[in-house]
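Keep the sequence and the 3D view side by side as you read.

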Amino acid sequence: MSESVKPIPVNEPLLDGSEKQHLIECIETGWISSEGPFVRQFEEQFAKMLDRRFGIAVCNGSAALDAAVAALRIGAGDEVIMPSFTIISCAAAVVRAGAKPVVVDSCSDTWNMDVTQIESKITSRTKAILVVHIYGLPVDMEPVLDIAAKYGLALIEDAAEAHGQAYKGQLCGSFGDLSTFSFYPNKHITTGEGGMIVTNDGRLAERSRSLRNLCFQTHQRFVHEEWGWNLRMTNLQAALGVAQMERLEEFVQRKRHIGARYTELLKGVEGLELPLVKTEYAENIYWVFGLVLKEEVPFDAKEAMRRLAIEKIGTRPFFWPMHEQPVMKKMGLFDNESCPVAERIARRGFYIPSGLALTEEQIVRVTETLKTILN
Ligand SMILES: *Cc1c(COP(=O)(O)O)cnc(C)c1O
């Protein structure tokens, strides 16, 4: 490999719209804290896009989950059903609230939670279902909504990877009693760090706002009835968010284009399981372009990523299942849990560069290199 070959990062965001102009406005007006006008504007625009009444901007997507769990008053003795194959933030929010995460396995083709497993996990302690749209395809929501209604369970929807994605025509992030988003730079739109809670429920919105802001009270500011956090988003972050939102549609198209190109170029490559182009209820939005090494490949994802790194191609491993997390094992959680699909894709899966700034040339180089390292 020649020294001059440029590395291809796993993600690079696009910030070439009105981002700079909006940030300059923050500096020139002095509005840099969470009190600034972009915060309200971002919240309103984001909620409106989803046809929800309330948006509550927070400092990141993990904090959005913490606040959502707390807003629903989930606590000691409660159980929350979630996929094992997800980011730690989901389980962390539940565990920190004193509640117990209960996991279900994934579908082997969509990598999303297998919703047919939910009902068997319900007990008298179940308080909520936490769904997570994974890597670009939505969870099959209809059965989840039915189960939630039938058992009177709250629904938290983690849509951090699904900005602009829809399930049967309805936007992801508009299904939950509380839905959460992240604006980390690898998400479809970014604020550097940032998150959002959206809801149609006025009381949950008010409670989320209060939890975000240390549970200060309007009538007695420094007298607290409950524990909150400082999870506020700054005006600087929201300025980026407003600029990025202007381009969401274009970004989604761009992501789909990258997904389509990879699919075309990798179709028929032996040993690779590609992301589904679509399901009955959605077209893939390719938050990331994931690959799972088939059984016949004599090495695992770690080795594939090592080989790609030598060729200066950035990758990330798939999520590690919640029921295999040492931090939870140490708490005595998930002693005899088994989720064979999550366990397999965690070991065999990784994703390749798919950021918005990725060029056609880079896409070709990634696929050519992949073919070589598989041989
Ligand atoms: C990125 C992500 C989060 C966490 O968001 P941060 O802003 O990084 O805290 C939560 N859930 C899912 C599904 C994510 O992909």
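**From the core to the ligand and beyond**

Leaving out residues up to four places away in sequence, alanine 67 touches Ile197, Leu211, Trp229 and Leu231. The model you are looking at is predicted. Find alanine 67 in helix H3. Is alanine 67 buried or exposed? Its relative accessibility is 0%, and buried means under 20%, so alanine 67 counts as buried.

Now widen the view to the largest nonpolar core. This core has 54 residues. Within it, Phe85 and Tyr135 have the most contacts. Which elements each supply at least two residues of this core? They are strand E1 (54-58), H3, E2, H4, E4, E5, helix H6 (202-212) and helix H11 (340-348). H3 gives the largest share, with eight residues.

H4 runs over residues 88-96, and its buried residues are Ser89, Cys90, Ala91, Ala93, Val94 and Val95. What covers them? The cover includes helix H3 (61-71) and helix H10 (326-329). Strands contribute too, among them E2 (79-83), E3 (100-104), E4 (126-132) and E5 (154-158). An α-helix has 3.6 residues a turn, so residues three or four places apart point the same way. After H4 comes glycine 98, and its phi is positive, near 90°.

Next, turn to the ligand. Which residues are around the ligand? They are Asn60, Gly61, Ser62, Ile87, Ser89, Val132, Asp158, Ala160, Glu161, Ser182, Lys187 and Gly194. Sorted by class, the shell holds three nonpolar, six polar and three charged residues.

Aspartate 158 has a polar side-chain atom 2.6 Å from a nitrogen atom of the ligand. In glutamate 161, an N or O atom of the side chain is 2.5 Å from an oxygen atom of the ligand. Lysine 187 places a polar side-chain atom 2.6 Å from an oxygen atom of the ligand. How much of the ligand does the protein cover? On its own, the ligand has 380 Å² of accessible area, and the protein covers 91% of that.

Move on to glutamine 244, in helix H7 (residues 235-245). Its relative accessible area is 1%, so glutamine 244 is buried. Where does its polar side chain find a partner? The side chain of glutamine 244 makes a polar contact of 2.8 Å with the side chain of glutamate 19. Neighbours within four places in sequence aside, glutamine 244 is in contact with Leu14, Leu15, Glu19, His188, Ile189, Thr190 and Phe251.

Now go to valine 5, in the segment before helix H1 (19-29). Valine 5 and lysine 312 are 307 residues apart in sequence, yet their C-alpha atoms are 7.8 Å apart in space. Not counting residues up to four places away in sequence, valine 5 touches Lys312 and Arg365. Valine 5 has a relative accessible area of 23% and is partly exposed.

Stay with lysine 312. Where is it? Lysine 312 sits in the loop between helix H9 (301-310) and strand E12 (316-317). Its relative accessible area is 24%, so lysine 312 is partly exposed. Its phi is positive, about 65°, although lysine 312 is not a glycine.

H9 itself has the buried residues Ala301, Glu303, Ala304, Met305 and Leu308. Their cover includes strand E11 (289-293), E12, H11, strand E13 (349-352) and helix H12 (360-374).

End with aspartate 51, in the loop between helix H2 (37-49) and E1. Aspartate 51 also has a positive phi, near 60°, in a residue other than glycine. Is aspartate 51 buried or exposed? At 65% relative accessibility, aspartate 51 counts as exposed.

Key: Residues numbered from 1 in each chain as written. Predicted model: local features only at pLDDT ≥ 70, side-chain atom pairs only at ≥ 80, totals over all residues. Heavy atoms only, no water. Near = heavy atom within 4 Å. Polar contact = N/O pair within 3.5 Å; in protein donor to acceptor, adjacent residues only side chain to side chain. Areas by Shrake-Rupley, 256 points an atom, 1.4 Å probe, with all protein chains shown as cover. Nonpolar A, V, L, I, M, F, W, Y, C, P; charged D, E, K, R; others polar. Buried < 20%, exposed > 50% of the residue type's maximum accessible area, 1.4 Å probe, protein only. Helix = DSSP H or I, 4+ residues; strand = E, 2+ residues; numbered from the N terminus. Contact = heavy atoms within 4.5 Å. Core = buried A, V, L, I, M, F, W, Y, C linked by side-chain atoms within 4.5 Å.
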